[in-house]
Protein chains: 2
Amino acid sequence: MSNIKPSLAKGTRDFSPQEMVKRNYIFDTIKTVFKKYGYSEIQTPSMENLSTLTGKYGDEGDKLIFKILNSGDFLSKVKPELLAQANSNAVISSISEKALRYDLTVPFARYVVMHQNDISLPFKRFQVQPVWRADRPQKGRYREFYQCDVDVVGSDSLLNEAEFILIYQEALSDLGLKDFTIKINNRKILSGIAEVVGKPELIIDMTVAIDKLDKIGLDGVIKELLERGFTEADIDRLKPVILLEGTNEQKLDSLKTVLSVSETGLKGVEEIETVFDYLSSMLKASSSINPNVELDITLARGLNYYTGCIFEVKTNEVAMGSIGGGGRYDDLTGMFGLKNLTGVGVSFGADRIYDVLQELNLFPESAAAGTRVLISNFDKEAERYALPILQQLRGANIATELYPSSAKLKKQMSYADDKNIPYVILIGSEEMGNGVLTLKDMKSGQQDKLTVAAIIDQLKFN
Amino acid sequence: MSNIKPSLAKGTRDFSPQEMVKRNYIFDTIKTVFKKYGYSEIQTPSMENLSTLTGKYGDEGDKLIFKILNSGDFLSKVKPELLAQANSNAVISSISEKALRYDLTVPFARYVVMHQNDISLPFKRFQVQPVWRADRPQKGRYREFYQCDVDVVGSDSLLNEAEFILIYQEALSDLGLKDFTIKINNRKILSGIAEVVGKPELIIDMTVAIDKLDKIGLDGVIKELLERGFTEADIDRLKPVILLEGTNEQKLDSLKTVLSVSETGLKGVEEIETVFDYLSSMLKASSSINPNVELDITLARGLNYYTGCIFEVKTNEVAMGSIGGGGRYDDLTGMFGLKNLTGVGVSFGADRIYDVLQELNLFPESAAAGTRVLISNFDKEAERYALPILQQLRGANIATELYPSSAKLKKQMSYADDKNIPYVILIGSEEMGNGVLTLKDMKSGQQDKLTVAAIIDQLKFN
């Protein structure tokens, strides 16, 4: 056995009891909303066949997939000449058949294709599981992190898009966020703009450039557009679109004019309008706060695969990247040979949401709830006296501990403090004599003399 | 992009919505009990440094650890002569620095050592996470499976042992199991027996043999003992111990006689008696069923590391291996240089418990609870009418879906059936006219005419 000081693998994290309670609070809150909207949980394995993952995330992505070494004499399958060349890339497929999940979308597509005879469409699923990426670790970027995805496949209704906006609204509000913006765009509007400018083939270059408006400003965007093959004349036509202002209605009106000759562009506008219509109908009789939805045609997130609406969520209370995003992809399962199955989904950035709640001090006290009461243990006699009481409290569903051996009061109190246990029951000879225990409130320091029944009453409803 | 029919990696599983609900039911039930007994959740990363895991599970275990291939040009660090020899074992440490978690115990030991300055002892933690083993897959044995562990370190009190018995009792009862046996033994009793027979060095051989009593019978055990170096005279002394019968008290009395010359053996008997004392004191004022605890000195589970009490749980309702087990290990963190920290813990076999509940039909109907009600969608007008109702129902915390497009009634009904949705709301022209909707109970087929408010009342308390 080695005896070295152990360390964590680079880019990975332990989660302490305090962190777990907060993380579970976030996941549970979000999952509750998913369920209310009719989504069901699935899980897929951590490891997939390497062939399932390769080629789905681009060349850069492929490099970031963690590959698992075959068991046994893995080198025996490698051609000697490849070994002699020490060519790592050429050897991979011979020594590794499996890899760790890189995201939840490709495994979900595999799931849908493999289980297509068992699931009924539309299939509404959510999935909250870790993914692994061999990225260079840095602040806020880990090699193992949780994704929290909700998707529906097999329904082209824009009701789904409207519901995702409400899911964001409800989940983030339930978590205590007060000021956040749900941005929406549509790939077809971007296609329409590129079409109208006369450069449909440059749609990716165009959107990559205008996506940076926030960061590099209009001059920066224009510079980049020129570099990417647009002319001054093109830019004159693009400028009013890039600088689109006003309410969502005003923006949609302007776009209708600009895109009047593009069938695709107008379809995109119509889709956004339909989503807005759904929203206002759904919220008609509702007392909940209307979501703050903003049409933002500079939003280009994941354009490579999104084909319809695109979403991104930003909090306005803390400086932080997006805390969620998603969109519609018309051919999710095509990569596995099942054509024409449309999907739409969004995800929540749990790590960032954690940081936001932490910074805004939004974790409720109940999200620290562990043991409610510690029974002190001064000697064998008090311990024996405490044992049935311990089970009585637990029988009333009160999380209770008896300090497991007799120890100095100070030590037991600091144990309660460290574990954030709000109450301590003190059992001394007086208490054993008259059956009235001392309940100490660790926050206020107040001590009350109470019977076990009275303590149960107080702790149950506190 | 490849276009092949996708498959699962060997020995791994997808979990469908129906399976997830049942799995979550098991995990949630067990976690609730852990918390009630003062245990807190932690999580550790899926990947650990290979050096953290190697040498902890024996040579066979080391082979079953899934190793992760280093990123980038992993062959560049391998000495050319090793490559030329194609010596897989000699190459591993050069091309793999990380590996997948093999169990939850070693990562927990690493956690305790790394965070020793932040945690206060005794540290009571539970952990429910997947582990990975490169075992040959077979029925009931997977390469990825969940472990569900609860341990305390830094307390030598036998109260902990007693509490684990109650945790088993409570969690398994809560899951609906009625007849199960919690077996207990103590390593020190086994040591004492080997000592009394005069073959302390053969303790492992002795326990491995008598552990098989159930499977191979007394004659088989005797044959194996002879093969493993025991004499006929030894066996004469062992026989009454192997065949120990009667109540726990009778067994303990017999052992006291047999082990009267072994200090270690008597200590083991005393530890078991103390655990039984704790149990009866704790249960004195309790109305819950007394656990069925059985002293079984043939129980030798994990003898390599257990130093005190040993546990194993078997259901008597279904033929199935053990559904839980554990014990005390006096030197959990010694492997990472932190000496003299005692630990004790048990685990639940979630996959086996799943199979038992399935076979006994013990999953409650609520463990299938997904969407409560589907609103049908016949045309655009009915859809528009339904939208605010959809949000009203969700506002009352009723999981509700609107079928996302107009479709034939049959299709919508079979969607509800497939998803086990218990109610469907039908909205036709009559309903839109008078505001009274039709609520169909999918099980009984009964249809009621009700207002939205009445539907909310009925679904909330049903």
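**Talking through a predicted complex**

Student: Which side chain makes a polar contact with the side chain of Asp151(A)?
Tutor: Happy to start there, keeping in mind that this is a predicted model. Asp151(A) sits in strand β6 (residues 144–153) of chain A. At 2.8 Å, its side chain makes a polar contact with the side chain of Arg125(A).

Student: Is Asp151(A) buried or exposed?
Tutor: Leaving out residues up to four places away in sequence, Asp151(A) touches several residues, including Tyr39(A), Phe108(A), Phe123(A), Phe164(A) and Tyr329(A). The cut-off for buried is under 20% relative accessible area. Asp151(A) has 5%, so it is buried.

Student: Over to chain B: how many of the eleven residues of helix α8 are buried?
Tutor: Helix α8 (residues 187–197) of chain B is mostly covered. Among its buried residues are Lys188(B), Ile189(B), Leu190(B) and Val197(B). They belong to a set that packs against β7 (180–186), α9 (203–210), α11 (232–242), α12 (248–258) and α13 (263–282) of chain B. The number buried is eight.

Student: What reaches the backbone nitrogen of Lys188(B) at the start of α8(B)?
Tutor: Good place to look, and the other end deserves a glance too: α8(B) is followed by Gly198(B), with a positive phi near 90 degrees. At the start, the atom that comes to within 2.8 Å of that nitrogen is a side-chain oxygen of Asn186(B).

Student: How many disulfides does the structure hold?
Tutor: Cys148(B) has 1% relative accessibility, so it counts as buried. Cys309(B), at 0%, counts as buried too. Over all chains, the number of disulfides is zero.

Student: Which element of chain A has the lowest mean pLDDT?
Tutor: Chain A has a mean pLDDT of 92, with 98% of its residues at 70 or more. For the complex, the predictor gives an ipTM of 0.93 and a pTM of 0.94. Among the elements of chain A, strand β2 (residues 47–49) has the highest mean pLDDT, 98, while the lowest, 82, belongs to helix α4 (residues 80–85).

Technical notes:
Residues numbered from 1 in each chain as written. Chains lettered and ligands numbered in written order. Predicted model: local features only at pLDDT ≥ 70, side-chain atom pairs only at ≥ 80, totals over all residues. Heavy atoms only, no water. Disulfide = S-S within 2.5 Å. Buried < 20%, exposed > 50% of the residue type's maximum accessible area, 1.4 Å probe, protein only. pLDDT = per-residue confidence, 0-100. Helix = DSSP H or I, 4+ residues; strand = E, 2+ residues; numbered from the N terminus. Contact = heavy atoms within 4.5 Å. Polar contact = N/O pair within 3.5 Å; in protein donor to acceptor, adjacent residues only side chain to side chain.
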